[in-house]
Amino acid sequence: MGTTSPWLPLRLKSGAELPNRFVLAPMTTDSAEPGGTVSEAELRYLERRCANPFAMTITSCAYVADDGRSWQGIGAADEAHVDSLRAVAAAMRGGGGLPVLQLYDGGRIADPGLVGGERLRAPSAVPSLRPGALTPRELAGPEVSGLLGRFVDAARRGERAGFAGIELHGANHYLIHQFFSPRANRRDDRWGGDRERRMRFPLELTAAVRAALGPRTVLGFRVNPYESEPGGFTLGDAAELSSRLAGTGVDYVHISMDDFRRRSPQREDRDWTTGGGAVREERNPITAIAAAVAGRCAVIASGGVRSADDARAALAAGADLVAVGRAVVIDPEWLGTVRDGGGRPPRSRLPADRDEIESALTLPSRMVTYLLSRPNWVPRESTGREPTGRETGGQRINQRKEEAV
């Protein structure tokens with residue numbers, strides 16, 4: 001640890017040897033079959049990008065319970081998903097990178113269209129800030145323990161399916177994040193209250209998954225560095241959680257940011273046009289969290305890495321690994337191009353033509369619709385016209401408050 005070269009190897013706590021510092025970031029695809037099995041289009045998307053020499057590749061997040069689905073992604077909720085997971089793991093091994101299965105539960109931001117509004121459940125009966133959000137019911141104590149078990153079972157399925165690692169998605173306002181958030185968690189039992197009790201769910205979950213997998217399987221945890229919304233958890237809170245996670249035996253903490261330079265975590269209301277939230281943090285989250293874990297696990301920086309220079313800047317801030325997402329969506333051969341140098345420059349924008357985005361870049365159709373629904377999130381060549389219904393999922397997207405997961 002401590003290098004600014006993204007091409008040097010790294011040994012993780014579990015013993016896994018990574019040949020470089022580049023990680024394929026988990027990206028929402030919204031492209032699974034209705035029952036949560038992987039589609040052929042998503043497998044082709046993964047195969048092409050994982051042919052790059054990434055040290056580690058992370059799936060889009062897989063749901064651990066049917067009533068926790070936030071979008072039409074892959075599942076790890078029952079034995080019927082194991083063959084699908086096996087196909088995903090195989091597709092991700094092409095370039096030799098370690099395949100990691102990311103697990104999540106949507107909690108209060110599960111999609112009512114997928115799970116039914118009456119089935120929404122969360123740490124507390126507090127609605128999300130997303131437009132039109134429904135009020136979930138509060139989970140009973142035994143249900144909380146049951147969800148811990150669902151994550152453990154899903155992690156075991158992932159390991160049996162051939163994944164070299166598991167990442168617990170504790171960021172982006174999903175259920176694990178909700179337990180840690182004082183805005184979302186208003187409980188007064190062992191699972192909520194002060195910071196110590198709000199950390200209990202993520203810490204007990206991580207310890208349980210580590211115990212189930214053993215010490216040689218890679219285990220990571222994705223965290224927001226703070227909440228943009230007033231009254232949310234702070235960078236100091238996230239640093240303390242990260243320090244405690246390092247003590248449970250995680251291999252890495254993955255910091256979720258839209259851009260590692262702007263220090264902007266994802267807003268819960270999904271307003272992509274403001275460039276940040278009401279709360280600002282002067283400290284660099286990468287540096288603060290790296291100091292908190294103090295070398296006991298690796299730190300992954302994500303958001304806005306488009307070049308080797310960007311990767312070096314993130315490493316200089318204190319990261320050990322850098323996750324690359326949008327750049328690889330735009331240019332499926334991005335890492336090979338960056339590594340080889342002297343050839344063509346990496347592609348920097350999506351094509352103007354919607355069909356070309358899908359065909360030339362090997363992107364599932366539903367994923368293209370999802371990407372185009374997030375204004376300015378992924379650069380695109382000018383179309384010179386208004387978007388069509390197909391490009392916006394059949395409806396006009398509100399540029400200020402869109403509700404896609």
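Close-up 1. Asp-310 counts as buried because its relative accessibility is 13%, buried meaning under 20% relative accessible area, exposed over 50% and partly exposed in between, with a 1.4 Å probe and protein chains only. Arg-261 has 37%, so it is partly exposed. The two form a salt bridge, with the closest N and O atoms 2.3 Å apart; the term asks for a side-chain nitrogen of Lys or Arg within 4 Å of a carboxyl oxygen of Asp or Glu. This is a predicted model, where local features need pLDDT of at least 70 and side-chain atom pairs pLDDT 80 or more, while totals for chains, interfaces and linings use all residues. Residues are numbered from 1 along each chain as its sequence is written, and side-chain values use heavy atoms, leaving out hydrogens and water.

**Close-up 2. Arg-210 meets Asp-251.** Here the salt bridge spans 2.9 Å, N to O. Arg-210 sits in helix H7 and Asp-251 in the loop between H8 and strand S11 (252-255), 41 residues apart; helices (H or I, at least four residues) and strands (E, at least two) are DSSP runs numbered from the N terminus. Both partners are buried.

**Close-up 3. Arg-197 with Asp-194.** These side chains pair up in a salt bridge at 3.6 Å, N to O. Arg-197 is partly exposed because its relative accessibility is 30%, and Asp-194, at 42%, is partly exposed too.

Close-up 4. Buried residues of H7 include Phe-201, Leu-205 and Val-209.
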